[in-house]
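Biologist: I'd like to learn how to read a few features of a two-chain model. Could you take me through them one by one?

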Amino acid sequence: MSPPLHIPASKLCESCRATRALISRPKTNQKLCKTCFLSTFEAEVHATIVSTTLFTRGSRVAIGASGGKDSTVLASVLKTLNERYDYGVEFVLLSIDEGIKGYRDDSLETVKRNAVQYGMELVIVSYEELYGWSMDSVVESIGKKGNCTYCGVFRRQALDRGAERLGINHVVTGHNADDIAETVLMNLLRGDLPRLHRCTSIITSSTSSPIARSKPLKYAYEKEIVLYALHKKLDYFSTECIYSPEAFRGSARTLIKALEKVRPSAILDIVRSGEAFSRMIPSQAQASSAKLSQESGMSNCTRCGYLTSQELCKACTLLDCLNKNRPKMAVEVEAGIEDEEASSSLRRGMEAMKLAEEGIVN
Amino acid sequence: MNEQQGPSANGVRSNPISLNIEFSGGLEILFSNQRDHRIQLPAKDSSGEPANIMFLVHYLCENLMKDRRKDLFLLHGGIRPGILVLINDADWELEGEEEYLVQDGDIILFVSTLHGG
């Protein structure tokens with residue numbers, strides 16, 4: 001691959017100065033060879049983990065694994081770091097089967113291969129077994145419109161229940177810097193201070209869930225995640241969900257990518273700004289009023305036992321609609337989805353807002 | 001490497017350039033669900049300038065892409081932001097991006113970072 005003899009100095013890796021540079025880092029503009037890039041990427045994730053004391057020795061942690069690039073890279077890097085730095089953590093792959101033929105069944109095959117490649121236990125929890133409804137049957141009943149709302153609410157509970165089943169109270173997800181920057185922008189535009197406060201935290205534990213969520217890749221650029229997967233030849237799956245194709249065409253995502261093109265450091269700058277905003281938000285605005293009243297009023301869903309502020313949890317409320325074949329909840333529930341899922345479902349919601357995309361991008 | 005590049009410089013005609021084009025990260029869907037393509041690219045664009053990446057992507061869009069959603073590959077006249085381009089394994093930013101002059105035998109990989117999982 002690499003040219004045999006003469007490499008001009010301008011093409012050399014700026015770190016080892018021995019090999020041809022193949023990567024231009026968006027964060028720093030530094031030009032690195034493959035080996036230096038892979039080890040720098042790993043070192044940065046390690047630094048994030050150590051500086052936030054994310055893991056404790058002897059604990060079991062579930063990796064929310066979809067078979068996509070982010071969670072595949074996350075699993076691979078965590079395995080590498082766990083061995084290299086002896087975290088003493090047992091990682092388990094936790095996948096959700098939404099029941100979408102031609103999409104999730106294929107991506108789950110990728111996760112099954114990953115489980116073998118990384119020597120990790122794999123647990124798959126399906127909507128069908130948890131709720132009696134697969135997404136295929138949901139869409140058959142209500143159509144494609146609004147189906148992401150159901151999927152988002154169901155997924156959050158499903159991850160929690162899967163973790164519970166494993167006796168695990170910490171789930172890591174593959175959210176990257178681009179995801180966080182996008183969420184910061186959207187929460188800022190919507191003036192949603194409580195979410196703006198929470199969305200940049202590396203670890204979130206919420207009153208509505210006994211399971212902590214964290215994002216070890218929060219400072220990792222999507223570009224570098226893809227390049228890491230590519231140069232390490234990782235096995236990942238990359239097809240759009242058939243019920244929400246082109247969700248990535250949402251305006252906020254397009255804006256983030258257009259900003260990166262002009263000034264690559266912009267993504268990390270937005271993440272850092274989000275963190276700074278978070279520190280500026282007065283404590284009374286950190287939780288929404290609904291949340292505040294919930295603090296004391298959290299109880300178990302009378303039907304399924306999940307933590308909720310209402311009599312019925314969101315999933316059970318949605319299930320009621322489905323079972324009565326009277327879907328009407330879509331808009332109301334949107335606002336209640338927690339941060340993690342909010343990133344993608346908000347993205348879809350924002351499509352309607354059309355941020356004058358043309359004007360900004362040009 | 002590419003000595004047989006036709007009757008040169010202001011030459012009347014140049015041999016086409018053989019390229020290996022690869023699509024990954026979800027982009028293959030736009031190109032007949034096929035990851036690897038071997039193509040012959042005209043050595044010069046319509047105004048007689050040597051073929052560069054910009055010429056190549058427009059050529060691909062017009063000749064190889066069957067999907068009608070052209071904006072998933074090209075946006076505002078350039079490659080859609082969020083699609084990475086690797087020229088012989090190297091980030092195209094290291095090679096001059098759109099201006100890079102393609103060479104016979106180049107492997108050019110387009111990877112989308114936009115698809116979730």
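Modeller: Let's go through the fold, the salt bridges, the aromatic pairs and the interface in turn. Before that, note that this is a predicted model, where local features need pLDDT of at least 70 and side-chain atom pairs pLDDT 80 or more, while totals for chains, interfaces and linings use all residues. Residues are numbered from 1 along each chain, chains are lettered from A in the order written, and side-chain values use heavy atoms, without hydrogens or water.

Biologist: How many helices and strands are there in chain A?

Modeller: Helices (H or I, at least four residues) and strands (E, at least two) are DSSP runs, numbered from the N terminus. Chain A has 17 helices and ten strands. Buried residues (under 20% relative accessible area; exposed is over 50%, partly exposed in between, with a 1.4 Å probe and protein chains only) make up 57% of its 362 residues.

Biologist: Now the salt bridges. What is the general idea?

Modeller: Side chains of opposite charge can pair when their charged atoms come close. The rule here is a side-chain nitrogen of Lys or Arg within 4 Å of a carboxyl oxygen of Asp or Glu, and the count over all chains is 35. Take A:Arg60 and A:Glu90, which meet at 3.4 Å, N to O. A:Arg60 sits in strand β3 and A:Glu90 in strand β4 of chain A, so this bridge ties together parts 30 residues apart in sequence.

Biologist: Is A:Glu275 buried or exposed?

Modeller: Buried, at 13% relative accessible area. Its salt-bridge partner is A:Lys218, at 2.6 Å from N to O, and A:Lys218 is buried too, at 3%. For a local example, A:Lys79 and A:Glu83 pair at 2.9 Å; they are four residues apart in helix α2 of chain A, about one helical turn. There A:Lys79 is partly exposed at 25%, and A:Glu83 is exposed at 56%.

Biologist: And how do I read the aromatic pairs?

Modeller: Rings of Phe, Tyr and Trp (its six-membered ring) pair if their centres lie within 6.5 Å; planes under 30 degrees apart are stacked, over 60 edge-to-face, and the rest tilted. That gives 15 pairs over all chains. The rings of A:Phe37 and A:Phe41 have centres 6.2 Å apart and planes at 50°, so they are tilted. These two are four residues apart in helix α1 of chain A, and both are buried. In chain B, B:Phe31 and B:Phe73 are edge-to-face, with 5.3 Å between centres and 80° between planes. They link distant parts of the chain, 42 residues apart, each residue lying in a loop.

Biologist: Last one: how many residues does each chain give to the contact?

Modeller: With contact meaning heavy atoms within 4.5 Å, chain A gives 34 residues and chain B gives 34. Buried area is the accessible area (1.4 Å probe) that two parts lose on being put together, summed over both; here it is about 2800 Å², 56% of it on carbon and sulfur atoms. Five salt bridges run between the chains. One of them joins B:Asp91 to A:Lys223, the closest N and O atoms being 2.7 Å apart.

Biologist: Which element gives the most to the side of chain A that touches chain B?

Modeller: That's α9(A), with six residues.
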